[in-house]
Amino acid sequence: MKTYNTRSKAKNKQSLIAFIVGVGLILVAVIITLVVTLPAGGDEPVDGPSIIEPSNDQAQQYVMPLSEYTLGQDFSDKLVYNQTLKQWRTHNGVDFIAAKGAEVMAIFGGTVESVESTTLEGTVITIKHKDGVTAIYKSLSTDVKVEAGQSVSAGDVIGTVDETMVTEKNEGAHLHLETKKDGQYISPLSLLPEGSDK
């Protein structure tokens, strides 16, 4: 009579199933990693937010948003401490500290996409500039000089400085200026002709 060892066959079958499941999980992890880290075009891996530097030709066409200001908090795609909120967060713009009521100018020609009033950011004007950069002007007063759909030129007055941005209340009266290119935040100072106090 023949004797069969069903235990070793069952153990081998379990080991094979565990091996197949393990390999499957590894493949799924590799695929997910590739999908998350590679852009749709299959170019270089994306390593998080990046700063896009414009050419020098672009920088010479821009104007400063204020005639008199002191630079406050600079742009940072790294975590910085927000004194008002008492928390760490990125600072996607540059703060230009100025007198309440100081005139804010468009930094480049373009079209006003929106003018809105928000509880946390005060009056916000978004302008799509002709070179594909979008500028977002925050902490403005309700005394707005433009409306959605309006064309503006570099240096046109669009509003005035206030202290309406609740998330940066400790800064006092200032313009919080953000810029985006291709959906990514970029430093406004990389576009502007003067990057220091005036």
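Two aromatic pairs occur in this predicted model; rings of Phe, Tyr and Trp (its six-membered ring) pair if their centres lie within 6.5 Å, with planes under 30 degrees apart counted as stacked, over 60 as edge-to-face and the rest as tilted. Tyr-62 and Phe-108 make a stacked pair, 4.4 Å centre to centre with 20° between the planes. Tyr-62 sits in the loop between H2 and strand S1 (70–71) and Phe-108 in the loop between strand S5 (103–105) and strand S6 (110–118), so this pair ties together parts 46 residues apart in sequence. Helices (H or I, at least four residues) and strands (E, at least two) are DSSP runs, numbered from the N terminus. Tyr-62 and Phe-108 are both buried, where buried means under 20% relative accessible area, exposed over 50% and partly exposed in between (1.4 Å probe, protein chains only).

The rings of Tyr-69 and Phe-96 have centres 5.3 Å apart and planes at 80°, so they form an edge-to-face pair. This pair links Tyr-69, in the loop between H2 and S1, with Phe-96 in strand S4, 27 residues apart. Tyr-69 and Phe-96 are buried. Leaving aside neighbours within four places in sequence, the residues in contact with Phe-96 (heavy atoms within 4.5 Å) include Met-64, Leu-66, Leu-71, Leu-175 and Leu-192.

Phe-96 also belongs to the largest nonpolar core, which has 30 residues; Leu-66, Phe-96, Tyr-137, Ile-158 and Leu-175 touch the most other members. Such a core is a set of buried Ala, Val, Leu, Ile, Met, Phe, Trp, Tyr and Cys residues joined through side-chain atoms within 4.5 Å. Strands S4 (93–97), S7 (122–129), S8 (133–140) and S11 (174–181) each supply at least two residues of this core, and the largest share, four residues, comes from S8.

Strand S8 has eight of its eight residues buried, so it is largely enclosed by the rest of the structure. Strands pair if DSSP finds at least two bridges between them. S7 and S8 run antiparallel and are joined by five bridges, with Ile-127 opposite Ala-135 in S8. These two strands form a hairpin with three residues between them, and Gly-132 in the turn has a positive phi of about 95°. S8 also pairs with S11, in the antiparallel sense, over six bridges; Thr-134 has Lys-180 in S11 as its bridge partner.

Strand S11 contains Glu-178, which counts as buried because its relative accessibility is 5%. The side chains of Glu-178 and His-176 are joined by a polar contact of 2.8 Å. A polar contact is a pair of N or O atoms within 3.5 Å; within protein, one must be able to donate a hydrogen and the other to accept it, and residues adjacent in sequence count only if both atoms are side-chain atoms. Beyond four places in sequence, Glu-178 has contacts that include Asn-92, Thr-134, Ala-135, Lys-138 and Tyr-185.

Gly-149 lies in the loop between S8 and strand S9 (151–152) and counts as exposed because its relative accessibility is 56%. Gly-149 touches Thr-111 and Val-112, not counting residues up to four places away in sequence.

The chain averages a pLDDT (the predictor's confidence in each residue, from 0 to 100) of 75, and 61% of the residues score at least 70. Confidence is lowest in helix H2 (residues 56–59), at a mean of 42, and highest in strand S10 (residues 157–160), at 96.

Residues are numbered from 1 along each chain as its sequence is written. In this predicted model local features need pLDDT of at least 70, side-chain atom pairs count only at pLDDT 80 or more, and totals for chains, interfaces and linings use all residues, while side-chain values use heavy atoms, with hydrogens and water left out.
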